[in-house]
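Open the model in your viewer and keep the selection tool at hand. The stops below say what to select next and what is there.

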Amino acid sequence: MDLQDKSDSLNDVTARLSKMWPKQTQDQLATALVLFGIPFAFLVECGVVLPQWYAVGSDGYNWRVFWLLAFGLTFYANFYKLVTVNPNGPNADLPSVMRPGFKYCHTCQLNAPPRSHHCPVCEKCIFKRDHHCSFGAVCVGHFNHRYFIAGALHIWLCVALVLSWNWWFMWENLGGMRPTNLWMVFMPHLAFMFRFVTLWQFTCTAIFVSSTTVFLFCSYLLGAQIFCIYLGQTRVEFLLNVRAFNIGAWANWKQVMGRRWFLTLLSPFFNSPLDCDGISFPVKEGASIHDSTKSM
Ligand SMILES: [Zn+2]
Ligand SMILES: [Zn+2]
């Protein structure tokens with residue numbers, strides 16, 4: 001099988017999969033996870049994990065629930081803004097003129113500014129498009145990018161906190177952290193099948209393993225964002241290797257988070273004006289605007 005055949009059969013599989021599993025279904029499942037999965041996990045932590053050490057209503061219990069709520073509610077506030085703020089801004093229409101660096105979008109049949117890309121799920125061109133976020137069923141673009149980053153940071157803080165509790169919760173229920181118990185963490189299903197652990201111990205291990213998976217995923221999300229901002233690229237530009245818009249790490253950060261970037265990390269309801277209008281962007285010294293006109 002040569003390379004062309006391989007890529008043809010891969011395209012075939014992708015086309016068949018996307019018919020069986022439309023992008024909208026993926027969005028609905030991911031959104032349901034945010035709306036129902038996170039509150040469920042919160043109830044497990046407050047009702048099952050924390051009471052192992054702290055009586056409900058004691059200072060130790062209340063402080064831990066307070067921090068979890070503070071980070072969790074800030075996450076949901078950012079999620080709300082991510083979904084409701086148009087990534088193309090308040091005047092969301094694409095300009096009708098053709099300017100330097102613009103490219104014609106054949107799907108929208110309009111002229112799209114530099115850094116904008118067409119989203120096949122949202123079915124429109126998105127200003128400074130980063131990626132399509134299935135969790136919010138929206139595109140992350142120029143005007144809602146700050147909410148995505150602050151949201152990712154706060155959910156990461158929540159999961160880091162929860163993971164540290166779940167680690168000790170699991171070991172205490174497995175009878176202590178011993179090297180001889182380690183295999184039960186890596187193969188809890190086998191340990192349960194052969195009756196080395198009870199259903200309760202299996203559940204405690206499953207709570208830890210699932211929170212570790214979520215933690216690794218959130219770390220990837222946040223890490224990838226910070227890495228791309230450092231390079232002055234959106235996720236799309238990273239894939240296309242567009243380097244024309246890197247104006248320095250600090251300026252890149254403020255371009256995404258706005259002039260009052262510090263406040264954006266505290267609450268999404270603080271105003272933090274953006275210097276760019278989503279249509280024109282400063283380019284790196286020596287780079288040309290035409291370096292940006294690669295498309296997917
Ligand atoms: Zn388009
Ligand atoms: Zn989209």
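Select the zinc ion (ligand 1) together with Cys-105, Cys-108, His-118 and Cys-125, its coordinating residues. The donor atoms are SG of Cys-105, SG of Cys-108, ND1 of His-118 and SG of Cys-125, at 2.0 to 2.3 Å. This is a predicted model, so the distances and angles on this tour are computed from predicted coordinates. The arrangement around the zinc ion (ligand 1) is tetrahedral because its four donor atoms subtend angles of 101 to 122°. Along the sequence, the donor residues of this ion are spaced C-x2-C-x9-H-x6-C.

Cys-108 sits in the loop between β1 (103-105) and β2 (110-112), while Cys-125 belongs to strand β4 (residues 124-126), so the pair ties together parts that are 17 residues apart in sequence. Is Cys-125 buried or exposed? Cys-125 is buried, with a relative accessible area of 4%. Cys-108 has a relative accessible area of 22% and is therefore partly exposed, since buried means under 20%.

Next, select the zinc ion (ligand 2). Which protein atoms are its donors? They are Cys-119 (SG), Cys-122 (SG), His-132 (ND1) and Cys-139 (SG), lying 2.1 to 2.3 Å from the ion. Angles of 98 to 121° between the four donor atoms make the arrangement around the zinc ion (ligand 2) tetrahedral. The donors of this ion follow the spacing C-x2-C-x9-H-x6-C along the chain. Within this set, Cys-119 in strand β3 (residues 117-119) and His-132 in strand β5 (residues 131-133) link distant parts of the chain, 13 residues apart. Cys-119 and His-132 are both buried.

Stay with His-132 and turn to the second largest pocket, where His-132 is among the residues nearest the centre, along with Asp-130, His-131, Cys-133 and Ser-134. This pocket has a volume of about 460 Å³ and a lining of 23 residues. To display the elements around it, select α2, β5, α7 and α8 (235-240), each of which supplies at least two lining residues. The largest share, five residues, comes from α7. By class, the lining divides into 13 nonpolar, five polar and five charged residues.

For the largest pocket, select Gly-37, Ile-38, Ile-155, Val-159 and Val-214, the closest to its centre of the 38 residues that line it. The space here comes to about 970 Å³. The largest share is that of α2, with ten residues. The lining of the largest pocket has 30 nonpolar, seven polar and one charged residues.

Finally, clear the selection and show the whole chain. It has ten helices and six strands, and buried residues make up 41% of its 296 residues. Of the contacts with a separation of 6 or more, 58% are between residues 24 or more positions apart.

Methods
Residues are numbered from 1 along each chain as its sequence is written. Chains are lettered from A and ligands numbered from 1 in the order in which they are written. This is a predicted model: local features need pLDDT of at least 70, side-chain atom pairs count only at pLDDT 80 or more; totals for chains, interfaces and linings use all residues. Side-chain values use heavy atoms; hydrogens and water are left out. Donors are N, O and S atoms within 2.8 Å of the metal (3.2 Å for Na, K and Ca); water is not among the atoms, so sites may look incomplete. Four donors count as tetrahedral if all angles lie between 85 and 135 degrees; four count as square planar and six as octahedral if opposite donors are over 155 degrees apart and all others between 65 and 115; anything else is irregular. Helices (H or I, at least four residues) and strands (E, at least two) are DSSP runs, numbered from the N terminus. Buried means under 20% relative accessible area, exposed over 50%, partly exposed in between (1.4 Å probe, protein chains only). Contact means heavy atoms within 4.5 Å. On a 1 Å grid over the protein atoms alone, a cavity is a set of points where a 1.4 Å probe fits but cannot get out, and a pocket is an open set with protein on both sides within 12 Å along at least five of seven lines; lining residues have an atom within 4 Å of a point. Grid points are joined across faces, edges and corners, and a volume is the space filled by probe spheres set on the points. Ala, Val, Leu, Ile, Met, Phe, Trp, Tyr, Cys and Pro count as nonpolar, Asp, Glu, Lys and Arg as charged, and the others, Gly among them, as polar.
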